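Hi,

Here is the structure I promised to pass on. Have a look at it first, and then read my notes below.

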Amino acid sequence: MIKKLVPEHIASIVPYPPGKPMEELEREYGIGNAIKLASNENPLGPSPKAIAALRGVLRGLHRYPDDNGFYLRRRIAEKFQLPFEGIVLGNGSDEIIEMVIRTFIQPGDEVVVPDPAFLVYRLAAQAAGGHPVAVPLRDFVIDLDAIGAAVNARTRVVFITNPNNPTGTALSRSALERFLDRLPEHVIVVVDEAYIEFSRDPDIARGFDLLHRGQPRMVVLRTFSKVYGLAGLRIGYGAMQPEIAGYLNRVRQPFNTSIPAQVAALAAIDDEAFLAQTRATIWAGLQVLEQQCRRLGLATAPTQTNFMLIRVPCDSKQIYQAMLRQGVIIRAMNAYGLDRYIRVNAGLPEENERFVRALEQTLEGLAH
Ligand SMILES: Cc1ncc(COP(=O)(O)O)c(C=O)c1O
């Protein structure tokens with residue numbers, strides 16, 4: 001009965017694959033001390049400055065947050081020399097993705113997404129009655145020529161992830177600029193930079209540089225969930241020309257980011273010591289993962305993020321299950337159409353070691 005009440009474009013959505021809480025997995029599999037390297041989180045925990053700032057807000061939680069997000073938006077604007085009016089805060093950058101779709105997509109409009117890509121682009125498009133148009137990557141890199149060719153009169157939004165999830169690959173400044181120059185005026189481009197703080201590529205395209213030069217129809221997404229270690233608080237932002245922000249603010253829920261989220265993000269954004277420590281930990285971890293995969297004869301994709309895609313010799317779900325039984329949670333890439341790949345994020349040195357040991361045992365198990 002309920003089914004009849006649900007519009008077809010909602011009923012046909014395949015929901016985001018739900019994970020189980022760590023405690024539940026540990027109970028189910030009879031393991032203790034599980035480690036999670038599946039969601040590209042910061043292995044060092046939250047920024048210590050954010051933790052200290054959070055202690056100070058507890059007694060004010062009976063109040064609504066500042067709907068305007070004034071202090072955080074002002075600091076973001078100052079730090080990156082962007083217009084204050086062009087910064088929109090979101091309950092995670094996920095929410096900005098949704099705001100862009102709700103602002104620009106009417107039923108039947110097309111949304112061009114790389115494939116594979118972060119699943120939320122497609123989910124948000126479908127929820128609004130839009131048609132996601134998936135454009136395959138080329139050699140694990142977003143194929144800007146093919147994306148350009150997929151744009152037509154019905155296209156309203158294009159998503160570009162730089163560096164990309166789940167492949168970790170980056171786009172160069174010149175490649176993105178060329179692409180933007182050819183994009184027709186009826187298309188908004190979202191450049192999702194959730195992982196850009198981990199990149200060591202001097203040539204990587206940076207959305208803020210393009211905004212400084214006046215790029216008119218672009219929304220750059222950044223998040224506090226990764227390098228800043230605040231995934232559990234849900235806070236991210238979009239940077240864009242103020243005119244676009246004015247429209248996003250019409251669909252934004254009032255009070256969409258909480259007091260703790262705003263306060264912690266404001267403290268974390270200037271926690272340079274923590275950011276440096278995070279990058280050093282991730283880069284060292286990725287190097288270990290890469291070396292060890294090479295030793296095990298497994299190919300890895302070059303990465304500019306905090307995670308790595310690894311090719312495995314069997315269905316990745318099998319590896320996922322076997323690793324889980326050893327208390328190591330990683331991501332099988334089947335949901336992304338990459339049946340022979342797993343994705344793992346760099347962890348603490350001891351976590352990386354455990355991952356390698358579990359992977360090695362799993363591969364040995366397969367050989368028998
Ligand atoms: C490419 C990409 N964009 C956006 C997000 C969402 O981040 P947030 O936690 O800010 O919603 C993620 C999170 O995994 C991601 O991988």
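To start with the ligand: how many residues surround it, and which are the closest? Bear in mind that this is a predicted model. The ligand has 13 residues around it, and Gly92, Asp94, Thr223, Ser225 and Gly236 are the closest. If you sort that shell by type, you get 8 polar residues, 3 nonpolar ones and 2 charged ones.

Next, the domains. Where they meet, 29 residues of domain 1 are in contact with 29 residues of domain 2. On the domain 1 side, helix H2 (8-11), helix H13 (272-295) and strand S9 (307-311) each bring at least two residues. H13 gives the most, with 5 residues. That side of domain 1 comes out as 16 nonpolar, 10 polar and 3 charged residues.

Last, a pair of helices to look for. Helix H5 (residues 70-80) packs against helix H12 (residues 259-268) at an angle of about 30 degrees, and their axes are 9 Å apart. Angles under 35 degrees count as roughly parallel, so that is how H5 and H12 run relative to each other. The crossing of H5 and H12 is left-handed. Tyr71, Leu72 and Arg75 make the contact from H5, while Gln262, Ala265 and Leu266 make it from H12. Of these contact residues, 4 are nonpolar, 1 is polar and 1 is charged.

Cheers

How values were computed. Residues numbered from 1 in each chain as written. Predicted model: local features only at pLDDT ≥ 70, side-chain atom pairs only at ≥ 80, totals over all residues. Near = placed C-beta within 6 Å. Nonpolar A, V, L, I, M, F, W, Y, C, P; charged D, E, K, R; others polar. Axes fitted to C-alpha atoms, helices over the stretch in contact; angles between N-to-C directions. Helix = DSSP H or I, 4+ residues; strand = E, 2+ residues; numbered from the N terminus. Parallel < 35°, antiparallel > 145°, perpendicular 65-115°, else oblique. Left-handed = near helix turned anticlockwise from the far one by under 90°. Contact = placed C-beta atoms within 7 Å.
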